[in-house]
Amino acid sequence: MSSALFFILLSKKSNFAKCSFISMIGCSSEKTVEENKTKEEQQVQSKIENKAKYDIDKIIVPVQTEWTNDLKVYRDFNIAVIKEMAQSNNIPVELREFPTFDDVIIALKRGDVDVVPGIDNLVETDLTKTYTYFTGAIYLPNGEEFVPKKSYAMAVRKKDTELLKFFNDTILKFKETGKLEKIQQEYLGDRN
């Protein structure tokens, strides 16, 4: 049976068979092309909208290396919150290691990092805090309270208004959707 005759037989049976045969020889139906084009356009538009919403190319986050092993879960929680926020807006995150908290604050002031999570009190006048993203005590693995209940925010430079807006907007969104609570449960479990 020749290809032409096979095509004629298929086209008489159903449009589905016709579209399937045309697809097999390298063509595609107009509907499939339009559906793919629409999906691609939606994906591109979504990326443009998220990028346009905040003029942020990348977020550099410090990782303090001198932590008590029993409390590293809180450091990891802080980093996870920022990564989730950035990911939800298609913004890449870069981690940079610093030995102490003092080094982390110096790096923020110099612009070597963009944000410092886990701030409860801020005395530096050139820095500002975001909305609170975590309220709770800090517990050791054995359940002993290490730090009493406090509210924690992130610190950014005052001049980084776009970054401050991004974090505040996303903190509110994550609180409304339950995303912050889900991350807390994943990282802190019974400790919160």
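The following dialogue goes through the features of a predicted model.

Student: Which conventions apply to the residue numbers and to the values in this model?

Tutor: Residues are numbered from 1 along each chain as its sequence is written, and side-chain values use heavy atoms, with hydrogens and water left out. As the model is predicted, local features need pLDDT of at least 70 and side-chain atom pairs count only at pLDDT 80 or more, whereas totals for chains, interfaces and linings use all residues.

Student: How many helices and strands does the protein have?

Tutor: Helices (H or I, at least four residues) and strands (E, at least two) are DSSP runs, numbered from the N terminus. The protein has seven helices and six strands, and along the sequence they follow the pattern α-α-α-β-α-β-α-β-β-β-β-α-α.

Student: What share of the residues is buried?

Tutor: Buried means under 20% relative accessible area, exposed over 50%, and partly exposed in between (1.4 Å probe, protein chains only). Of the 192 residues in the protein, 35% are buried. The accessible surface, from the Shrake-Rupley method with a 1.4 Å probe, comes to about 11,900 Å², and carbon and sulfur atoms hold 50% of that surface.

Student: What part of the contacts joins residues 24 or more positions apart?

Tutor: A contact means heavy atoms within 4.5 Å. Among contacts with a separation of 6 or more, 67% are between residues 24 or more positions apart.

Student: How is the length of helix 4 to be read, and which of its residues are buried?

Tutor: The expected span of a helix is 1.5 Å times one less than its number of residues. Helix 4 (residues 72-87) has 16 residues and should therefore span 22 Å; its end C-alpha atoms are 22 Å apart, in agreement. Its buried residues include Tyr 74, Phe 77, Ile 82 and Met 85, and also Arg 75 and Asn 78.

Student: What is the setting of Glu 84?

Tutor: Glu 84 is placed in helix 4 and is partly exposed, at 27% relative accessibility. Leaving aside residues up to four places away in sequence, Glu 84 touches Phe 174, Lys 179 and Ile 183.

Student: With which residue does Glu 84 form a salt bridge?

Tutor: Side chains of opposite charge can pair when their charged atoms come close. A salt bridge is counted when a side-chain nitrogen of Lys or Arg is within 4 Å of a carboxyl oxygen of Asp or Glu. Glu 84 forms one with Lys 179, their closest N and O atoms being 3.2 Å apart. This pair links distant parts of the chain, as Lys 179 belongs to helix 7 (residues 179-188) and Glu 84 to helix 4, 95 residues apart. Lys 179 is partly exposed, at 24% relative accessibility.

Student: How many salt bridges are there by this rule?

Tutor: The count comes to nine. One of them joins Asp 120 and Lys 150, with the closest N and O atoms 2.8 Å apart. Asp 120 lies in the loop between strand 3 (116-119) and strand 4 (127-129) and Lys 150 in strand 6 (residues 145-157), so the pair ties together parts 30 residues apart in sequence. Asp 120 is partly exposed at 31%, and Lys 150 is partly exposed at 33%. Elsewhere, Lys 58, Glu 94 and Arg 96 are linked in a network of salt bridges.

Student: Why are Asp 169 and Lys 165 separated by about one helical turn?

Tutor: An α-helix has 3.6 residues a turn, so residues three or four places apart point the same way. Asp 169 and Lys 165 are four residues apart in helix 6 (residues 161-177), and therefore about one helical turn separates them. Their side chains meet in a salt bridge (2.8 Å, N to O). Asp 169 is partly exposed at 27%, as is Lys 165 at 42%.

Student: What covers the buried residues of helix 6?

Tutor: The buried residues of helix 6 include Leu 163, Phe 166, Phe 167 and Phe 174. Their cover includes strand 1 (59-64), helix 4, strand 4, strand 6 and helix 7.

Student: Where is phi positive in a residue other than glycine?

Tutor: Most residues other than glycine have a negative phi. Asn 90 has a positive phi, near 55°; Asn 90 is found in the loop between helix 4 and strand 2 (93-98) and is partly exposed at 36%. A glycine with positive phi, near 85°, is Gly 178, which follows helix 6.
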